[in-house]
Amino acid sequence: SPITIAIDGPSGSGKSSVSKAVARELGLAYLDTGAMYRALAWWALHREIDLADQNAVAEAARALPLALSTDPARASVSVDGTDVTEAIRETRISSSVSAVATNLDVRAELRRRQRELIDRAREEQGGVVAEGRDITTVVAPDAEHRILVTASEEARLARRSLDVHGAAGAEHLAATRDQVLRRDRDDATVSAFFEPADGVVGIDTSDLTFEESVQAVLDVVRG
Ligand code: CDP
């Protein structure tokens, strides 16, 4: 029978790379819900929509012409035929994504699409690893497995600095710190992803390697 593995966590917790690896290992689909919010931010900026205009951004969410691959071996995102897989990782998107993600009408629309994608993956691919900020609590609270991946602030900042700058030296860490901490604080106003909700298993990856983190999730899933 199909399984959904819901994985939440803050920025730099390792949840994206770990979720992708778990999906590959188990032969399941992979749903990166953060990529959906990022794609919306990209499109809103592309169309020069004022991100403070709640109605205009909500309207853009409902009209978003999004195509998302759920193949963990080749994750890709396109908007209106433009491949934005790389572009949505740029700093200008990371620093504006919370503005669209804290819009409650946007969240209603993207959650609706996420549930559709999860249902389809369950029917056609045996299940899905879905990751984000509110998957264990709101999008898929009845998932077979629910996991919160956490890490110390220090570990998260070092990882994110490596992702973005390819280095974790002092000057990079400072720039990363401001950005990541502000985004977490903004995101936390609409989702609870720092403490596991009832029934959610917490995995602290601060002192785990990537492989150990993947194994820890697989251990939870395999019981
Ligand atoms: O890059 P990082 O792992 O930190 O974030 P992400 O998973 O790519 O998500 C990007 C942004 O999308 C987050 O900062 C949130 O603003 C938003 N998001 C959300 O609100 N709810 C989700 N389920 C997933 C992402």
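**Notes on the model**

1. Helix H2 is largely enclosed by the rest of the structure, because 11 of its 14 residues are buried. The model is a predicted one, and that applies to every point below. The buried residues of H2 are Thr33, Ala35, Met36, Tyr37, Arg38, Ala39, Leu40, Ala41, Trp42, Trp43 and Ala44. Buried here means a relative accessible area under 20%.

2. The length of H2 can be checked. With 14 residues at 1.5 Å a residue, H2 should span 20 Å, and its end C-alpha atoms are 20 Å apart, which agrees. At the start of H2, a side-chain oxygen of Asp32 comes within 3.2 Å of the backbone nitrogen of Gly34.

3. Tyr37 is located in helix H2. Tyr37 counts as buried because its relative accessible area is 7%, against a limit of 20%. Tyr37 and Ile93 are 56 residues apart along the chain, and their C-alpha atoms are separated by 9.6 Å.

4. What follows H2? Just after this helix, Glu48 takes a positive phi of about 55°. Glu48 is not a glycine, and its place is in the loop between H2 and H3. With a relative accessible area of 72%, Glu48 is exposed.

5. Asp80 is another residue to check for its backbone angle. Its phi is positive, near 50°, and Asp80 is a residue other than glycine. Asp80 is found in the loop between E4 and strand E5 (82-83). The relative accessible area of Asp80 is 55%, so this residue is exposed; the cut-off for that word is over 50%.

6. The largest nonpolar core has 37 residues, and those that touch the most other members are Leu40, Trp42, Val79, Val84, Val106 and Ile118. At least two residues of this core come from each of strand E2 (29-32), H2, helix H3 (54-63), strand E4 (77-79), H5, H6, strand E6 (127-132) and helix H7 (135-139). H2 gives the most to this core, with nine residues. In soluble globular proteins, nonpolar side chains tend to be buried together.

7. Helix H6 covers residues 104-125. Its 22 residues should span 32 Å at 1.5 Å a residue; the end C-alpha atoms are 30 Å apart, which agrees. Which residues of H6 are buried? They are Val106, Arg107, Glu109, Leu110, Arg111, Arg113, Gln114, Ile118 and Ala121.

8. Both ends of H6 have a feature to look at. At the N-terminal end, Asn103 caps the helix, with a side-chain oxygen 3.0 Å from the backbone nitrogen of Asp105. Just after H6, Gly126 has a positive phi of about 80°.

9. The ligand is surrounded by 18 residues, and the closest of these are Ser11, Arg38, Arg107, Arg183 and Asp187. By type, the residues of the shell around the ligand divide into four nonpolar, five polar and nine charged.

10. A polar backbone atom of Arg133 is 3.0 Å from a nitrogen atom of the ligand. For Asp134, a polar side-chain atom is 2.8 Å from a ligand nitrogen atom. Taken alone the ligand exposes 530 Å², and the protein buries 98% of that.

11. Helix H2 (33-46), helix H5 (97-101) and helix H9 (170-187) are the elements that give two or more residues to the shell around the ligand. H2 gives the most to this shell, with four residues.

12. A last point concerns H5. Val100 lies in this helix. Its relative accessible area is 0%, so Val100 is buried. Val100 and Ala197 are 97 residues apart in sequence, and from C-alpha to C-alpha they are 24 Å apart in space.

Key. Residues numbered from 1 in each chain as written. Predicted model: local features only at pLDDT ≥ 70, side-chain atom pairs only at ≥ 80, totals over all residues. Heavy atoms only, no water. Near = heavy atom within 4 Å. Polar contact = N/O pair within 3.5 Å; in protein donor to acceptor, adjacent residues only side chain to side chain. Areas by Shrake-Rupley, 256 points an atom, 1.4 Å probe, with all protein chains shown as cover. Nonpolar A, V, L, I, M, F, W, Y, C, P; charged D, E, K, R; others polar. Expected span 1.5 Å × (residues − 1). Buried < 20%, exposed > 50% of the residue type's maximum accessible area, 1.4 Å probe, protein only. Core = buried A, V, L, I, M, F, W, Y, C linked by side-chain atoms within 4.5 Å.
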